[in-house]
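Please have a look at the sequence and the model on the screen, and then I'll walk you through a few places in it.

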Amino acid sequence: MQVVSLLFHDVYATDPRESGFRSPAADRYKLTIPAFEAQLDGLEDLRIPNPESRIPVVITVDDGGVSYYATIADRLESMGLRGHCLVSTDFTGGRGFLSAAQIRELDARGHVIGTHSASHPPRFSALTPADMRHEWSESRMKLEDILGRAVTVGSVPGGYFSDAVAKAAVDAGLRTLFTSEPTTKPSAFDECELIGRFTIRRGHPADMARRLAASAPWARCSAWVGWNAKELVKPMLGASYARIADWILEPNR
């Protein structure tokens, strides 16, 4: 079955540093609260005329920033929705990140809690297989200690996916893995379902989520072309990729 999975990060009222990671690389994916509201309003408009005719939409939010608890969850619930909250567990309880108690409450409210790795390495696919397994396993164990039950869902940090990343996820017990490939067609790697996502970031049109969900002309195609271009450039630039991307995307330049 096809599914449109949308990838969000943190939202903020006045300062991107309120929630989640604090860096220019992280900030380019954060939305103001009004911008986030506008994206969800577009999705809500789609559901009214003929809700059963649409491809299902899944909301995922990476990193584990506190804005999921403070803002995002309430807004999704007002629409009758629940999201996937993917947590980088080394930062749990730290400034701008979800606490263990907040994670437990979100789980109780019906939101799906999953791992976004332990330490959010800058280039996940460049890790050794042993380090990849450690990232997934350590994060899973921490979340399972918090929730008291199995956690089998994860998402790949930074979009750095490879077969080795998927194998490590399978070995660590994950059965659903969200990637950053903009596709509506899930695939599989051994026992793990791979689900691609369309990223919503700062600077996107206010109706980008609606366009992607409704398959507006060129919306998904443009996302696919942009993602594949990045996948060609990332290996060549290595650790410099994030810095160069920040320079290109900086709105004041």
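**A walk through the model**

Let me start at one threonine: if we set aside the neighbours within four places in sequence, Thr183 is in contact with Val3, Gly196 and Phe198. Please keep in mind throughout that this is a predicted model.

Where does Thr183 sit? You'll find Thr183 in the loop between strand S8, residues 176-178, and strand S9, residues 187-189. Its side chain also has a polar atom 3.2 Å from the backbone nitrogen of Lys185.

There is another threonine to look at in that loop, because Thr179 is also found between S8 and S9. Is Thr179 buried or exposed? With a relative accessibility of 6%, Thr179 counts as buried. Its side chain reaches the backbone nitrogen of Glu181, at 3.2 Å. Apart from neighbours within four places in sequence, Thr179 is in contact with Phe161, Ile195, Gly196 and Arg197. The protein chain has nine helices and 11 strands, and buried residues make up 46% of its 253 residues. How far apart in sequence are the contact partners? Among contacts between residues at least 6 apart in sequence, 66% join residues at least 24 apart.

On to the helices, then. Two packed helices are described by the angle between their axes and the distance between the axes.

Helix H3, residues 67-78, and helix H4, residues 100-108, have axes that come within 10 Å and cross at roughly 20 degrees. An angle under 35 degrees counts as roughly parallel, and H3 and H4 are therefore roughly parallel to each other. The crossing of H3 past H4 is left-handed. Which residues meet there? From H3 we have Tyr68, Tyr69 and Ala73, and from H4 there are Gln102, Glu105 and Leu106. Sorted by class, this contact has four nonpolar residues, one polar and one charged.

For the second pair we stay with H4 and bring in helix H5, residues 129-147. H4 and H5 pack with their axes 9 Å apart, at an angle of about 75 degrees. That makes H4 roughly perpendicular to H5. On the H4 side, the contact is made by Ala100, Ile103, Arg104 and Asp107, and on the H5 side by Leu143, Ile146 and Leu147. By class, those residues divide into five nonpolar, no polar and two charged.

If you'd like to pick out the residues on screen, H5 contributes Pro129, Met132, Arg133 and Trp136, while H6 contributes Ala164, Val165, Ala168, Ala169 and Asp171. This contact divides into seven nonpolar, no polar and two charged residues.

Thr199 lies in strand S11, residues 198-199. With a relative accessible area of 25%, Thr199 is partly exposed. Leaving aside neighbours within four places in sequence, Thr199 is in contact with Leu7, Tyr29 and His204.

Is Asp27 buried or exposed? Its relative accessibility is 18%, and buried means under 20%, so Asp27 counts as buried. Not counting residues up to four places away in sequence, Asp27 touches Pro16, Phe21 and Arg202. Asp27 and His9 are 18 residues apart in sequence, with 9.2 Å between their C-alpha atoms.

Definitions and conventions: Residues are numbered from 1 along each chain as its sequence is written. This is a predicted model: local features need pLDDT of at least 70, side-chain atom pairs count only at pLDDT 80 or more; totals for chains, interfaces and linings use all residues. Side-chain values use heavy atoms; hydrogens and water are left out. Axes are lines fitted to C-alpha atoms, for helices over the stretch in contact, and angles run from 0 to 180 degrees between N-to-C directions. Helices (H or I, at least four residues) and strands (E, at least two) are DSSP runs, numbered from the N terminus. Angles under 35 degrees count as roughly parallel, over 145 as roughly antiparallel, 65 to 115 as roughly perpendicular and the rest as oblique. A crossing is left-handed if the near helix is turned anticlockwise from the far one by less than a right angle, and right-handed if clockwise. Contact means heavy atoms within 4.5 Å. Ala, Val, Leu, Ile, Met, Phe, Trp, Tyr, Cys and Pro count as nonpolar, Asp, Glu, Lys and Arg as charged, and the others, Gly among them, as polar. A polar contact is a pair of N or O atoms within 3.5 Å; within protein, one must be able to donate a hydrogen and the other to accept it, and residues adjacent in sequence count only if both atoms are side-chain atoms. Buried means under 20% relative accessible area, exposed over 50%, partly exposed in between (1.4 Å probe, protein chains only).
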